[in-house]
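This briefing covers a few loops, some helix pairs and a ligand site. Look at the sequence and the structure below before reading on.

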Amino acid sequence: MTYDIKSLAVIGVGIMGSGIAQIAAQSGHRTYLYDTKDGAALQAKEKLAATFQKLVEKNKITVEQAESANQHLIVAQQLEDLKSCDLIVEAIVERLDIKQGLMQQLEQIVSDTTILASNTSSLSITAIAANCKLPERVVGFHFFNPVPLMKVVEVIQGLKTDQQIIETLCQLSHAFGHRPVIAKDTPGFIINHAGRAYGTEALKILNENVSDISEIDRILRDGVGFRMGPFELMDLTGLDVSHPVMESIYHQYYEEARYKPNPLTKQMLEAKQLGRKVKQGFYSYAIGSKSGEKPAQYVEALTKYPSVWIAADFAEDKQRIEDYLIQHNISLDTGEHPQAESLCLVACYGEDTTQTIKRLHLNPEHTVAIDLLYGIEKHRTLMPSLRTTSEYRQAAHSIFNLDGAMVSMINESIGFVAQRVLAMVINLGCDIAQQNIASVDDINAAVRLGLGYPFGPIEWGDQIGSDKILLILNRISALTYDPRYRPSPWLQRRVALNLPLTFNSEY
Ligand code: NAI
């Protein structure tokens, strides 16, 4: 069957439906608007006219383009008006029975070649199609809010969806100015699935009392380069949205440990501490802007520093630390074993300081671990042991403050903060590829565009070093006995065969 989309309809013109109608009309498609709420479709058309007017004022579009977009929007009074549409996209209430009923109703009205698409974020496309006469015409077309700005759309293939429809919607997405990513019909599709690692691992780190929210946000935002820290992000999204997604994906994957949510967000939800929208979440917004963030701690330069002895899992890390210390005139202890008074600086992976002390037989009072996974240019994370003396903590903190860069001092954590979060993000991306939910290219693009991460998870793994990610996960797994951290076979095989994580067999 071939499909050609000239006219389409959006059913349910709330936040998402209006956005979809906007980009459809702007790209020159005749677009019908339909909503069961009285006057909602007309109101949506008027609101979009005001939006186009604003875009003209901002010189984003011409007067002619605005007029054309307005003319392409048609208010439908009843479902029967959608009879001649080539594509219908529903963006109604998120209820399986209601969406199933709508699809059945539409099949009575439209021709057999009309594509029926759902913008659902959490329901199965296969289930939405279950009662249809022609389930092969039902497909997922999942946009993100705000639709005109979030330039990615998931095209979701239900068990029975016709392959031609997938290709047609991909072409249409490009015409809308969006990057289509093709996903199998699985819980969370690509983006809501790949996004599970960031928040849940940060919550687990908080729960283990590794550090406070400000410091964890700072490490991941200022150190690693995420646009927002996980707690800032949860405050922005609102826990009424993000907590149910965490729970739903966890249960839909039959209590898979990787996605395990945290009791803290449930409790905050119960206390209605949802985030920015109620002025109180992890941070407070009572005075308008964010407050409650603890400032970064700086330690003044000391008059005297101990010599520094370095141990590192990777030679390049040792070199980086040496270069930094030499640049700041700190004397190096280059012996095979540390001298009695030396500060032992250990660049370890997937361990806490105690484990490294045990493995290398170091003096716990003089040892501080440092996370080199994300470099030491802008920010550093230091992790003293339970027994490190304040004198040696201060010395390490001061040394890494010497050039004015920020230092985060954290309590012991098996795998620091950044290592844990990045390893989880990358491992999850690899596992999504392993499950063949989407192609490597689509997973990377979906995460960059949909989640706003600086890199897609699989390309990020190659950039950082997949051997480092695997070492982190293997060690954390061995030390915590938690199946959450088990490395994906995708990652294990590629590291073993020395292949990039982006590599896929042609067979
Ligand atoms: P919304 O509440 O803003 O809009 C829903 C609209 O559908 C309302 O105008 C309502 O009157 C209308 N409606 C409800 N039942 C209807 C029916 N049987 N027939 C026709 N119209 C009906 O909801 P929103 O946020 O736009 O979500 C719509 C869909 O998009 C849901 O499936 C949701 O899961 C999905 N989605 C939402 C995202 C978001 O960020 N809000 C992101 C991606 C997907």
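K279 sits in the loop between α12 (263-270) and β9 (308-312); helices (H or I, at least four residues) and strands (E, at least two) are DSSP runs, numbered from the N terminus. The model is predicted, so local features need pLDDT of at least 70 and side-chain atom pairs count only at pLDDT 80 or more, while totals for chains, interfaces and linings use all residues. Residues are numbered from 1 along each chain as its sequence is written, and side-chain values use heavy atoms, with hydrogens and water left out.

**Backbone details in loops**

- K279 is a residue other than glycine with a positive phi, near 70°.
- The peptide bond that runs from N145 to P146 is cis, and its omega is near -5°.
- P146 belongs to the loop between β6 (138-142) and β7 (152-157).

**The ligand site**

- Of the 20 residues around the ligand, M16, D35, E94, K99 and N119 come nearest; a residue counts as near if one of its heavy atoms lies within 4 Å of the molecule or strand in question.
- The side chain of E94 has an N or O atom 2.5 Å from an oxygen atom of the ligand, and a polar contact is a pair of N or O atoms within 3.5 Å; within protein, one must be able to donate a hydrogen and the other to accept it, and residues adjacent in sequence count only if both atoms are side-chain atoms.
- In the side chain of N119, an N or O atom is 3.0 Å from an oxygen atom of the ligand.
- For T36, a polar side-chain atom lies 3.3 Å from a nitrogen atom of the ligand.
- The ligand taken alone exposes 830 Å², and the protein buries 72% of that; accessible areas come from the Shrake-Rupley method with a 1.4 Å probe, and for residues only the protein chains shown count as cover.
- Two or more residues of the shell around the ligand come from each of α1 (15-26) and α4 (96-109).
- The shell has eight nonpolar, eight polar and four charged residues, where Ala, Val, Leu, Ile, Met, Phe, Trp, Tyr, Cys and Pro count as nonpolar, Asp, Glu, Lys and Arg as charged, and the others, Gly among them, as polar.

**Helix pairs**

- Two packed helices are described by the angle between their axes and the distance between the axes.
- Helix α16 (residues 418-434) packs with helix α19 (residues 466-480) at an angle of about 105°, and their axes are 10 Å apart; axes are lines fitted to C-alpha atoms, for helices over the stretch in contact, and angles run from 0 to 180 degrees between N-to-C directions.
- α16 and α19 are therefore roughly perpendicular to each other, since angles of 65 to 115 degrees count as roughly perpendicular, under 35 as roughly parallel, over 145 as roughly antiparallel and the rest as oblique.
- In this pair, Q419, R420, A423, I426 and N427 of α16 meet I469, I472, L473 and I476 of α19, with contact meaning heavy atoms within 4.5 Å.
- Helix α9 (residues 213-224) and helix α10 (residues 230-237) have axes that come within 7 Å and cross at roughly 100°, which makes α9 roughly perpendicular to α10.
- The contact of α9 with α10 holds five nonpolar, no polar and three charged residues.

- N192 is part of helix α7 (residues 191-194).
- Leaving out residues up to four places away in sequence, N192 touches S121, H142 and I249.
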